[in-house]
Amino acid sequence: MRHIISVLIENESGALARVAGLFAARGYNIESLTVAPTEDPTLSRMTLVTYGDERIIEQIIKQLNKLIDVVKLLDLSEGPHIERELMMVKVKAEKGMREELKRLADIFRANIIDVTATSYTIELTGHGHKLDAFLQAVPEETLIEVVRSGPLGISRGAKGLGL
Amino acid sequence: MELSGAEIVVQALIDEGVEYIWGYPGGAVLHIYDALFQQKKIRHILVRHEQAATHAADGYARATGKPGVALVTSGPGATNAVTGIATAYMDSIPMVVLTGQVPTPFIGSDAFQEVDITGITRPCVKHNFLIKRVEDIAETIAKAFYIATTGRPGPVLIDIPKDVTDPNVRIPYEYPRKISMRSYKPVEKGHPKQIRKAVDLMVKAQRPVIYTGGGVILGDASEELRKLVEVTGFPVTHTLMGLGAVPASDKRFLGMLGMHGTYEANMAMHESDLIIAIGARFDDRVTGKLASFCPHAQVIHVDVDPASISKNVKVDVPIVGQVKPVLRDMVKVLKERKTKPDAAALKAWWQRIEGWRAVECLKYPPSDKVIKPQFAIETLYKVTRRRDFYLTSDVGQHQMFAAQFYPFEKPRRWINSGGLGTMGFGLPAAMGVQQAFPKATVACVTGEASIQMCIQELATCSQYKLPLKIILLNNGYMGMVRQWQELFYEGRYSHSYVDALPDFAALAETYGHVGMTIEDPGDLEAAYKEAFGMKDRLVFMNVLVDPEENVYPMIEAGKGHHEMHMSPYLTAERELA
């Protein structure tokens, strides 16, 4: 089962290495990991996506909680939540393709954020599935570069993950 | 009070109540060593190798319950300490290790004697710190001791760059009285509802077994455990790390369980319908094959570390909390209950257990020609039983023989590396114990392979006049390796023969100690008596034992508790009968 876990962690050097090291040392899967400081600069928020059966996920959560730097943790998959991922795609946009790529971007509600005579850079936000679908739709021979942030997640409703 | 960084390090340790530091100086810690030189409250013990500094601090911690402290320099000093840190980590021993580091502007430049020791130790410490400012020293040290000693204890490393301890930079000093961390809140009491649920199962159980580990020792909960055993009348078994929690002479003690545990302990586990696991972590050396572990049992698990629960074995009633208050509450709830444990069922259960006990699984062939290692331990017990006695060990056959044949009556008296299985642990650990209890009798049982991994510490013992008694069960082999090669590799003894052994007695003497060589079983008791009679001397007893004796009973790795191998001697004897 795929799980998306949010972690509030002390914004200290080595904190990220502790999390990454834990996954490596215990052989857990890690699909993506995003991290940035929060509105409180002493805290970072990490969103990680992992796979495993119930027992493994339980261990992952316990082992993460055991790290001294981890302040709070939430398995978003346990309740209703929203996931968003940012992707930027650089495509060859030469005569004949420019119109079609622009139309495709509009259909996916994507923005073209950089333009040259021969290329577009397209920005797209959404659930990972939507990003996958966009990549499927873009003609393969036009792809120059793809960069994805990995998902961010937040729970639905009024309650927030805070101190 | 204005102090330099180096003075703050030392003063903070004093304020933390530290009595001893085991260490080894070097460039990056020279400022700290200079500050140590100018005070009288902390005693520094100079070891001969940094691995021994961490083992000695560890031994001190295991025997006293107080955190052990080691101080080493950067680079090789720090890497040499790693084995001792990992040893303490695996057995959850409270320890604070201070390492020197190159000055902050040099970090990352591959400077002389630079290693990323916080990176290297991250997977084998409870936590570690790199101090970057002199203002952070006092608080970091206070946090380190707090983290090391609370919750599930463990080693904490503090890396201190040399410029941070600069004697010319002085700042006001105050030691934090109380530490509170938003990210670290160890639990204390167990949840009352869970404890009631556990008691529900206990009063209904037909074939219960209490299985306890190092957590009972570390949590100083032996008294509470004894009460639980008293109130319930349940059989109790200990892991290697848990020995001494209940007196070995108690009728309800089944002996150690696991790979080299007793037949009665392992069979009781296998047939049980309720396992009450307390401060134990279902290690593979205890459970054997997980798929056939306790197939009929429900499991109650008391542990301070939630991550230990349901890690290897699915638990029915988890209780997260410190063992001591949980057991106290458990006994209280049990006493208040109208329904008591099922006496008739328990009686029938004990009858079955006595049947297994009657097998006398530890019996070994007696000999008047060669010293059997089991006999060496039994005789050791005979000679030391009335003493205030601590026994450390190294790792291998001698460790198992000691665990099987020395009946420990009290907690913290049996000191060995269980989780990591570190050869070389025994001698330096004994130094730490002897330092803590100068009047006690401290012995180290070891093998000719293990002892050579830290034998340089005989010099430290000489310098600090530590009257240890070293019992070297010398069989000329790495015994446990040889045993596995005999049983599982058709007797191909690949590199397990320890050739070119020194004359250990003579070697001990060159370090200023008393050396003895004993090879006749008839001489052993008298030799021990003579050795233990030498109150102020370290006596190194090279005891030549049967070279190919094996440790039995044994469960092969990957087999279940009910698939024990008994010694061929026992099997033959039974066939004759």
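Helices and strands are taken here as DSSP runs, numbered from the N terminus, a helix having at least four residues. In this predicted model, B:Trp350 is found in helix α13 of chain B, which spans residues 343–357. The relative accessible area of B:Trp350 is 16%, and the residue therefore counts as buried, the limit being under 20%. Beyond the neighbours within four places in sequence, B:Trp350 is in contact with B:Gly233, B:Phe234 and B:Pro235, with B:Lys251, B:Arg252 and B:Leu254, and with B:Arg357. One of these residues, B:Pro235, lies 115 residues away from B:Trp350 along the chain, yet the C-alpha atoms of the two are separated by 8.0 Å.

The interface of chain A and chain B was examined next. The size of an interface is often given as the accessible area lost when the parts come together. For chain A and chain B the buried area is about 1600 Å², with 46% of it on carbon and sulfur atoms. Contacts link 20 residues of chain A with 18 residues of chain B.

Three salt bridges are found across the interface of chain A and chain B. A:Asp40 also forms a salt bridge with B:Arg182, in which the closest N and O atoms are 3.9 Å apart. On the side of chain A that touches chain B, two or more residues come from each of α1 (15–25), α2 (54–66) and β4 (70–75). The largest share, six residues, is given by α2(A). By residue class, this side of chain A comprises nine charged, six nonpolar and five polar residues.

Key:
Residues numbered from 1 in each chain as written. Chains lettered and ligands numbered in written order. Predicted model: local features only at pLDDT ≥ 70, side-chain atom pairs only at ≥ 80, totals over all residues. Heavy atoms only, no water. Contact = heavy atoms within 4.5 Å. Buried area = accessible area lost by both parts, 1.4 Å probe. Salt bridge = Lys/Arg side-chain N within 4 Å of Asp/Glu carboxyl O. Nonpolar A, V, L, I, M, F, W, Y, C, P; charged D, E, K, R; others polar. Buried < 20%, exposed > 50% of the residue type's maximum accessible area, 1.4 Å probe, protein only.
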